[in-house]
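Visitor: I would like to learn how to read helix contacts and strand pairing in a model such as this one. Could you take me through them one feature at a time?

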Amino acid sequence: MLKTLIRRIYILGILFILAFGVIFVANNYQSSDRIMRYEVEDNVTLRLELVMKAISSEFGRVEQTINMVDAVLQQIQDFNEITEVLTIFLQQNPSYLSICFHTKEGEMFCAGDWQSLEDVNSQGEVWYVAAADAEGLVVINHQTALVDGGPVVTLAKPSLGSAGEVLGVVGINLLCDEIFLFLDSDKALKIPYSSFFDKDGNLVVHPATRYGYGRDFSLSEVLGVDFKNQPSGISYVTLHGVENVYKWDRIPGTDLTVGIFASVSDFFDRGALIKETVNATLLTGMVLLLLLMFFQKKNLIDPIKQFQGDVERISLADDSSYRLQVADKNLFRSLRETINMLLDKVQEQRERVSYQQEELQAAYEQVVAHEQQLQGQFTEIKQQETQIRFLADHDPLTGLSNRRKFTEDLERLITNDNTGAVLILDIDDFKNINDVQGHIYGDRVLQLVAQFLQKELDSCAKAYRFGGDEFLIIADGLDNPHELEQHILEAGKDFRKSSSIHQKSSNITVSIGIVRFPYDGETVEELLSKADIALHYAKETGKARHVFFEDTMGLSFSERVQMEKILQETIDSEKFTLLYQPIVNARTGKVAYFEALIRIKGLPISPGVFISIAERSTLIFPIGRWVIKAVIAQLVEWKKFGKDMIPISINFSARQFYDEGLVNFLVEELEKNDVDSSLIEIEITETVFIDNIDKARAIMQKIRDLGIKIALDDFGTGYSSINFITSIPVDRIKLDRSMIEKLIQNMQVLEGLIFIAHGLKMDVVAEGVERIEEVHLLNQVHCDYLQGYLFSVPVPPEQAELLFERDFSKILGLDEA
């Protein structure tokens, strides 16, 4: 490859020399040609000047003759002697054609063989008129006057008297050919040939006329020159394949122009010029070629060979630290530095790759170890696959099949047209068991019930855990109400005998709702709904009993469906409204905040009815969000009209409380309307803690972190204990009306409860205050806030505004204090 490169460099050098030679020859030839042309022009110009001087000298000699003739004629008195004198002068100058004297009176005397228009008087002669008016010698070209085929030129001069008057004109006629003979006789001029032509460029006399060529062509056409406007100049013309130069100049005082016509080859040999140029170019080219080859070898070829050798010594495998030498005057210094930089990067890359290989090896070993570990885990998973499948269909606490498995089994039986019954069991007062005995004890109760069902049920029946404290039983093929009741009664007796926990008997009872399929329903949803209705009847009629679903219960079910329809229409048309009931500060008598209570416009339906139905469906979610938006909108409106901002509390049902998007929705509405979160309070009941108290605590903490207070509503109606309120993050508790009604009997208990609440930094609100006596007793037990009809019924927003500044101090007896 290197040899090819060197060969190409040499070829490029030779091509360069050849190109240089061609350009040099062309430029040298053009330069030499230009110089030669300058020399030709100078030579021709010089010769023309000599011709002009020679003609001027000849014309001077003629003028001298005229002067002598004039001098002699002025001495003659007899006109007869004039012709003799003229004849004598003509004989002395045989080159003259004739000598004439014209008097002013019109007489003409001539000596010689030619005179112009003898039959015209002297005043009619052109040369006479021109000479008589001139002050000196005039030269007249007779274009039509020819002698033996040659043109005639008259040189004339006026003869003046002593007073300067014109006596006549003396003129000498000459043949133009005589001038050329004169020029030819003067060998010192070295003129190739010359010619006369008139102002129009027509030849007057030319050497060709002496050799028989005639005058029938115009130099103006040949040379392309306007001689009228260009009396002197030089031009090149090619005639008969020969390049010629023509130089001309006007004879002063005449219309005649003298020109010198010469071949360029008379001055220099163009072939010799080309030969000399080529020889000089070849010699110069050889010298340059040798110099170029020497330069290429020293400054290009040798450095390339050295560079190739250095590059061939690069071996990353043997010595990755090798680098090319870099000299200051080295031709490939930059390239060497670049290669060294690349070698540095390659070395770094090799080291990086080596390091990465080590890391990859370590990672590979780790992956192998992980693979072995995963293989062991996979083996373990395969071994536990049966258990995983079991967990997918079973409740982890009790080991019973779960709700998903219940739905699957019941659908299969219904599809196969089987008959049977579905029983829904609910442990009575289970919440109280959890609150009083604790969740661990509650879990043990659930396990006890599950163990009993698994042990005592016939092979045709199967038990499931539905969720919370509810269980389901499918009795396949057992649809006779009498037989079902016998089984239930016998099972009840056995359960009471065996229901002991930690070797202590427990008074655990269950309520049961029963439906039969396909008599009471042909879908899982319908059967569950009716079983739930029957269970509800069992609970309402005293608990610890079983109830079969009846059609009369279905009427209540239809009413529930109708109520759900009304609720949906109300949600779609936004026909809800809010009423506001004040909560009064027991120490100041001022309204501390309002509780928002929802109603349906135009329908006298109790919130306890439609909220309960909404909770059983998903309608509680849009209702709850509507209440939030309406309360925030009311706060914005009060703020807009400059009202003092008073907080508003909102009731959250248990199901609404677990709405996953509730907290985010609340934050978005507050931020969107620029409302302070401290103006919102949330009221919940203890039912939110039944299913998952830990999850409930987490949600409550999120709400409180927003700056929103939480109140535990209806305290005293369920199974809440003092121990229970110490474990939940609430800001205040609201005592139910039922506790206020028994205030006298429970004064000490209530006072202790309020004392503990204050110790937990909780406020206490008494609900349902209707009498002055209740106010006095609540003040005695240091209750913080009071709410009830004694102060105000729930009122619309415009009436609630009137309560902002209302002072209830008199009712509270604060004035007396």
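**Reading helices and strands**

Guide: In this predicted model, the axes of helix H11 (residues 430–437) and helix H12 (residues 439–456) come within 6 Å and cross at roughly 140 degrees. Because angles over 145 degrees count as roughly antiparallel, H11 is classed as oblique to H12.

Visitor: Which residues of H11 and H12 meet?

Guide: From H11, Phe430, Ile433, Asn434 and Gln437 meet His439, Tyr441, Gly442, Val445 and Leu446 of H12. The residues of this contact of H11 with H12 divide into 5 nonpolar and 4 polar, with no charged residue.

Visitor: How should I read the pairing of strands, and which strands are joined to S13?

Guide: Strands of a sheet pair through backbone hydrogen bonds, in either a parallel or an antiparallel sense. Here strand S11 (residues 420–427) runs antiparallel to S13 and is joined to it by 7 bridges, with leucine 425 opposite phenylalanine 471 in S13. Strand S12 (residues 461–467) is also antiparallel to S13, through 6 bridges, and tyrosine 464 stands opposite leucine 472 in S13. In the hairpin of S12 and S13, which has 2 residues between the strands, glycine 468 takes a positive phi near 60 degrees.

Visitor: Is strand S13 mostly covered or mostly open?

Guide: Strand S13 (residues 470–476) is mostly covered, with 6 of its 7 residues buried.

Visitor: Where do strands close into a barrel, and in which order?

Guide: A barrel is closed by 8 strands in the order S18-S19-S20-S21-S22-S23-S24-S25, with mixed pairing. Strand S20 (residues 648–651) and strand S21 (residues 680–684), for instance, pair in the parallel sense over 4 bridges, and isoleucine 648 has isoleucine 680 in S21 as its bridge partner.

Note on methods. Residues are numbered from 1 along each chain as its sequence is written. This is a predicted model: local features need pLDDT of at least 70, side-chain atom pairs count only at pLDDT 80 or more; totals for chains, interfaces and linings use all residues. Side-chain values use heavy atoms; hydrogens and water are left out. Buried means under 20% relative accessible area, exposed over 50%, partly exposed in between (1.4 Å probe, protein chains only). Two strands pair if DSSP finds at least two bridges between them. Axes are lines fitted to C-alpha atoms, for helices over the stretch in contact, and angles run from 0 to 180 degrees between N-to-C directions. Angles under 35 degrees count as roughly parallel, over 145 as roughly antiparallel, 65 to 115 as roughly perpendicular and the rest as oblique. Contact means heavy atoms within 4.5 Å. Ala, Val, Leu, Ile, Met, Phe, Trp, Tyr, Cys and Pro count as nonpolar, Asp, Glu, Lys and Arg as charged, and the others, Gly among them, as polar.
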